[in-house]
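This briefing covers helix packing, the ligand site and backbone geometry in the structure shown below.

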Amino acid sequence: MASPFSGALQLTDLDDFIAPSQDCIKPMKVDKRSGSGVAKIHIEDDGSYFQVSQRGPWGTGFSCFQDGGMKKLEKAKISLDDCLACSGCVTSAETVLITQQSHEELRKVLGANKTAAPDQQKLVVISVSPQSRASLAVRFQLNPTDTARKLTAFFKKIGAHYVFDTAFSRNFSLLESQREFVQRFRGQADPKQALPVLTSACPGWICYAEKTHGSTVLPHISTARSPQQVMGSLVKDFFAQQQVTGTQGEPRCGAPPHCPPSALRRCLTATPCTQRLTPDKVYHATVMPCYDKKLEASRPDFFSQEHQTRDVDCVITTGEVFKLLEEEGVSLSELEPAPLDSLCSSASAQEPTSHRGGGSGGYLEHVFRHAAQELFGIHVTEVTYRPLRNKDLQEVILERDGQVLLHFAAAYGFRNIQNLVQKLKRGRCPYHFVEVMACPAGCLNGGGQLKVPDMPGKELLQQVERLYGLVRTEAPEDAPGVQELYEHWLQGAGSERAGRLLHTSYRAVEKAGSGLSIRW
Ligand code: SF4
């Protein structure tokens, strides 16, 4: 079976793949009987093992079977001890993480909520990526706004309490990326403030860099969290802890113990409630265009030791949403649309919004415009991309009087990433900023996106790009609610709190002797 991960992640040569890289040390159980002769192990197509007897090398028939006789062998059970002794672990760390994050897991939580005691119920929040929404829009032949509203209706129908859009959290990723770039550009003399800045929103690329290039490349990677992980901070920190006041009969927050999620529609407390939800009482699932995002959500930096919970508890792909719809017997097109939710009152969401630039988030374009203005006082109206070797490698240049002021690039797909890394290692990378994405054509073409029967891949991608591009764009600094959250939630841009909740760090992963010792 083809791996669902991005190309960059698959192409690392480490031994912690989703597919076993070596035979397990203990694939079957062999009965050692005295007098047994020489035997070979034969593996059938269905994975069953057979012992095939052979004549012993010294010419006498020691085998208790006839020559060529076959005996089916029992499969062995693999214990943790076995795994610890093995460098090609079958139940690799990633396999475990993937099974923890699936649409079945989301179903389990939603199912448990229906029967749990009120104080045991979780507030379920789903955050949908704009790339997944575009893919579903094409599959169901809907426009992006209807898709967003119908998806909200669907998730609420199956038990979610809130449905958000990660385009909102992307505002923060973009703003933090621009801030970091300007700082690094101004501090070029400091070797720690390394240029070029390489984007960090793609976990396929981050995993590859950490495993394969370590300290050469990691200082160049932006520390800004991806939209998924900023949404994790927003949901588990800001949203969960909002103080609420309630009067009888009005819809309220769901803060336990007085107001469990089941009472969301009708608050039963007559007195104002000032309780806060702790992060572990919120179950946060995201809908993403790739499997690599499941690994990103599982990184230790995004786990709260204090509350024993992750910022994002479960990541499901666009394809898994489709499976959920099928399992529920629901067609998205036929659902009645529901109003969109927003994370804070000042960010009322009538329709989804997006950002200028490509389908992978618009990092290059946003940082370019901002840096041109901030560093050189030049207002850029139109960003012109110049294709280089292939369509997944493009550059954008800001010039004045023939002098190059800013040199940005977008490098998508493993081939271009590898070339970029080689240039970086040789000290010949001409760029100040590179938007790096593991998937050829970027996130709209992610490994978790939907296929459409009878539609060739190229045409499908064009349609997804077209629908993605129909969404109204806004500058992240102008997006309603963003400045308010910087001020009240983060205590100002550049604050210690903003650093902790909107940034992350990377570490080189040593080639591990045991699959279990790999840290994500
Ligand atoms: S390019 Fe986008 S879809 Fe592909 S692995 Fe990276 S984040 Fe996922």
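**Helix packing and ligand site**

Helix H5 (residues 130-140) packs against helix H6 (residues 144-157) at an angle of about 100°, their axes lying 9 Å apart. H5 is therefore roughly perpendicular to H6, a label for angles of 65 to 115 degrees, where under 35 is roughly parallel, over 145 roughly antiparallel and the rest oblique. This is a predicted model, in which local features need pLDDT of at least 70 and side-chain atom pairs count only at pLDDT 80 or more, while totals for chains, interfaces and linings use all residues. Residues are numbered from 1 along each chain as its sequence is written, and side-chain values use heavy atoms, with hydrogens and water left out.

**H5 and H6**
- Arg133, Leu136 and Ala137 of H5 make the contact (heavy atoms within 4.5 Å) with Pro144, Thr147, Ala148 and Leu151 of H6.
- The contact of H5 with H6 comprises 5 nonpolar, 1 polar and 1 charged residues; Ala, Val, Leu, Ile, Met, Phe, Trp, Tyr, Cys and Pro count as nonpolar, Asp, Glu, Lys and Arg as charged, and the others, Gly among them, as polar.
- Helices (H or I, at least four residues) and strands (E, at least two) are DSSP runs numbered from the N terminus; axes are lines fitted to C-alpha atoms, for helices over the stretch in contact, with angles from 0 to 180 degrees between N-to-C directions.

**H7 and H9**
- The axes of H7 (residues 166-186) and H9 (residues 227-239) come within 8 Å and cross at roughly 100°, so the two helices are roughly perpendicular to each other.
- On the H7 side, Thr166, Phe168, Ser169, Arg170, Phe172 and Ser173 meet Pro227, Val230, Met231 and Leu234 of H9.
- This contact of H7 with H9 has 6 nonpolar, 3 polar and 1 charged residues.

**H4 and H11**
- H4 (residues 103-115) and H11 (residues 318-328) have axes that come within 10 Å and cross at roughly 50°; they are therefore oblique to each other.
- His103, Leu106 and Arg107 in H4 meet Glu320, Lys323, Leu324, Glu327 and Glu328 in H11.
- By class, the contact of H4 with H11 has 2 nonpolar, 1 polar and 5 charged residues.

**Ligand**
- Residues around the ligand (a heavy atom within 4 Å) include Ser6, Cys202, Cys290, Asp292, Lys293, Cys439 and Cys443.
- The shell around the ligand divides into 7 nonpolar, 2 polar and 2 charged residues.

**Backbone**
- The peptide bond from Leu195 to Pro196 is cis, with omega near 0°, and Pro196 is in the loop between H7 and strand S8 (197-198).
- Gln141, in the loop between H5 and H6, has a positive phi near 55°.
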